[in-house]
Amino acid sequence: MNWEIAKILMQDGLVTGVIYALMAVALVLVFAVTRIIFIAQGEFVSFGALTFAIMVNGQTPATIWLLPVFGTLIFLMELYRFLIKRACSALQLLKAALLYLLLPFALALLVPPILATQPSIWLKALLTLLLIVPLGPMVYRLVFKPVSEAPGLLLLIISIALHFAFVGLGLVFFGAEGWRVSEPFFDGTVEFFGLSWSYQSLFVIAMTVFIIIALYIFFEKTIYGKALRATAVNRKGARLMGISTGLAGYISFWITALIGVVSGILLVSFITITYETGFMIGLKGFVGAIIGGLVSYPIAAVAAVAVGVIEAFSTFWASDYKEVIVFTLILPVLLIRSLTIQKHDEEE
């Protein structure tokens with residue numbers, strides 16, 4: 001290997017590493033706020049990427065019916081609470097009908113005629129966000145909110161089960177074949193640092209930086225962001241101060257779904273995505289999150305970028321063992337943490 005090859009490998013590692021960094025930040029956010037290790041995070045990458053790719057290829061994705069199905073299930077839960085348990089008012093039921101029935105079905109019916117007009121790639125990306133991102137808070141409401149106070153182990157088991165359910169749905173909706181988008185958001189290349197950078201790769205890096213800055217502003221400057229930080233520090237204390245931990249869960253799942261879908265839209269221009277690709281992407285983000293102790297956003301992001309670079313070099317030197325090399329990175333971290341952390345009790 002010479003310096004020219006090393007620079008190319010670092011370039012490839014940086015582009016994929018920033019996607020892993022977004023995954024790591026999203027995983028840390030969800031775990032800090034809800035105590036959930038969200039294994040299904042990668043499925044938002046796959047669903048977003050494949051829905052977008054199908055639209056770009058001139059077809060209507062079957063995922064237009066995901067929101068109506070999930071929304072109907074949630075509405076039936078609300079109807080049960082209203083009729084049987086008397087736990088919600090008629091106004092709340094009406095609001096649930098609007099959010100979980102009317103809007104999802106209206107969107108599902110509007111997408112095919114919009115796609116028939118052959119809209120721009122930017123509008124297709126927006127439609128992908130509208131179709132997939134609301135699944136995040138819906139998943140929280142349907143799966144995790146009823147057991148939000150359960151032990152961490154049970155939440156992890158549910159998260160694993162949800163991952164397998166989403167993988168099965170992905171196979172049904174997208175099939176076993178992979179998809180890739182050949183039409184970039186930006187055409188052209190530019191030379192600097194002795195390398196040729198495509199505008200598309202620079203766009204991916206810029207979007208990652210923008211999302212991280214936006215998250216910083218959200219957590220530091222907004223009431224909802226500060227509420228999430230308070231919930232992450234102490235759930236019981238946040239409830240005593242009048243902060244809704246349920247609302248914090250909704251917001252955290254909305255953010256993590258947004259990050260996952262955006263990552264999928266950006267990544268599908270570089271690699272072929274299948275219904276199960278997102279799991280490996282999420283796992284590599286999880287390596288960064290573990291290195292950050294599932295608490296530190298900056299360390300998790302930097303570690304995830306390092307994972308991308310190490311993966312690129314591993315592909316060059318020992319492609320058959322690149323996954324082994326990447327996932328072995330967490331072993332010394334876990335060993336050090338097991339030797340240094342004395343308290344292993346459940347959350348107080």
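## Two domains

In this predicted model, the C-alpha centres of domain 1 and domain 2 lie 26 Å apart. Domain 1 is made of two stretches of the chain, 3-58 and 120-340, while domain 2 covers 59-117. Where the two domains touch, domain 1 contributes 25 residues and domain 2 contributes 21 residues.

## The interface between the domains

The size of an interface is often given as the accessible area lost when the parts come together. For domain 1 and domain 2, the buried area is about 2,000 Å², and 81% of it is on carbon and sulfur atoms.

Polar links also cross the interface. Three residue pairs are in polar contact between domain 1 and domain 2, counting pairs with both residues at pLDDT 80 or more. On the side of domain 1 that touches domain 2, four helices each supply at least two residues: H2 (41-56), H5 (121-132), H6 (135-144) and H7 (152-174). Helix H5 gives the largest share of that side, with six residues. By residue type, the side of domain 1 that touches domain 2 has 20 nonpolar, three polar and two charged residues.

## Salt bridges

Side chains of opposite charge can pair when their charged atoms come close. The structure as a whole holds five salt bridges, and one salt bridge is found across the interface of domain 1 and domain 2.

Which residue forms a salt bridge with Arg141? The partner is Glu78, and the closest N and O atoms of the pair are 2.5 Å apart. This pair links distant parts of the chain, since Arg141 sits in helix H6 and Glu78 in helix H3 (residues 66-83), 63 residues apart.

## Aromatic pairs

How many aromatic pairs does a search of the whole structure find? The search gives 18. A pair of aromatic rings is described by the distance of the centres and the angle of the planes.

One of the pairs is formed by Trp122 and Phe185. Their ring centres are 4.8 Å apart and their planes stand at 55 degrees, so the pair is tilted; an angle over 60 would be needed for edge-to-face, and one under 30 for stacked. Trp122 belongs to helix H5, and Phe185 to the loop between H7 and strand E1 (189-192). The pair therefore ties together parts that are 63 residues apart in sequence.

How values were computed
Residues are numbered from 1 along each chain as its sequence is written. This is a predicted model: local features need pLDDT of at least 70, side-chain atom pairs count only at pLDDT 80 or more; totals for chains, interfaces and linings use all residues. Side-chain values use heavy atoms; hydrogens and water are left out. Domain bounds come from an automatic or database domain assignment. Contact means heavy atoms within 4.5 Å. Buried area is the accessible area (1.4 Å probe) that two parts lose on being put together, summed over both. A salt bridge is a side-chain nitrogen of Lys or Arg within 4 Å of a carboxyl oxygen of Asp or Glu. A polar contact is a pair of N or O atoms within 3.5 Å; within protein, one must be able to donate a hydrogen and the other to accept it, and residues adjacent in sequence count only if both atoms are side-chain atoms. Ala, Val, Leu, Ile, Met, Phe, Trp, Tyr, Cys and Pro count as nonpolar, Asp, Glu, Lys and Arg as charged, and the others, Gly among them, as polar. Rings of Phe, Tyr and Trp (its six-membered ring) pair if their centres lie within 6.5 Å; planes under 30 degrees apart count as stacked, over 60 as edge-to-face and the rest as tilted.
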